Amino acid sequence: EHDVALIAVAAEAARGEVLLFTESHCLPEPETLAAADAVVGLHPDWAGFSCRSEPVTHDLLSRIEAESFGRDIEFGMTQHPWRKVHKQCFVVRKSAYFQAGGFDPKFGHFADWLISARFHALGLTIGYAPGVPIHHVYIGKFDEWRRLTSDFVEGQMRYLALEPSDPLGAM
């Protein structure tokens, strides 16, 4: 029913020590897995990292969507103190993923920000690996953009309505 639920189930079933999450409309380059594996080896201190998302667009709306999301992604990866998880291409050590509680399907697309905050609160480092590419296809449809945005906001509202409230809510 929701891609966050699918990735949560996939993480439970995975047998490897490192997980790579992506979305169905994201396309890796031939060297993406090897590049990700190299980054894992170079940064044993990182719990995980997000990769560089290269937009693929085909019309005006998809370009606007890519520009809007791209600015936010770049800000999170390079400037924000903890908002480093982006499941377009996210690589994480399985033990750290579960220590942080994993992607929680109850919160939809807000789950990216929530797990990011949890990694930060646990003192686990999430890096950014711009040398690991993924191509993100923006479809340029208002209904899909609206659905994604609504899902994120509804997930955030469900999170903020938790009783008792989560200590990370202030983040």
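**Entry 1: Proline 164.** I started at proline 164, which sits in the segment after helix H6 (142-160). This is a predicted model, so I am reading computed geometry throughout. I looked up the peptide bond from glutamate 163 to proline 164 and found it cis, with omega near -10°.

**Entry 2: the length of H6.** From there I stepped back to the helix. H6 has 19 residues, and its first and last C-alpha atoms are 27 Å apart. That is close to the 27 Å expected at 1.5 Å a residue.

**Entry 3: two faces.** Which residues of H6 are buried? I noted Trp145, Asp151, Gly155 and Tyr159. They cover an arc of only 130° around the axis, which puts them on the same side of H6. A reminder to myself: an α-helix has 3.6 residues a turn, so residues three or four places apart point the same way. Turning the view to the face away from the buried side, I found the exposed residues Phe142, Asp143, Arg146, Met157 and Leu160.

**Entry 4: what lies over the buried side.** Next I asked what covers the buried residues of H6. The cover includes helix H3 (60-78) and helix H5 (111-121).

**Entry 5: H3 against H6.** On the H3 side, the contact is made by Leu61, Ile64, Glu65, Ser68 and Phe69; H6 brings Phe142, Trp145 and Leu148. Sorted by class, I have six nonpolar residues, one polar and one charged in this contact.

Conventions. Residues numbered from 1 in each chain as written. Predicted model: local features only at pLDDT ≥ 70, side-chain atom pairs only at ≥ 80, totals over all residues. Heavy atoms only, no water. Helix = DSSP H or I, 4+ residues; strand = E, 2+ residues; numbered from the N terminus. Expected span 1.5 Å × (residues − 1). Buried < 20%, exposed > 50% of the residue type's maximum accessible area, 1.4 Å probe, protein only. Arc of directions from axis to C-beta. Contact = heavy atoms within 4.5 Å. Nonpolar A, V, L, I, M, F, W, Y, C, P; charged D, E, K, R; others polar.
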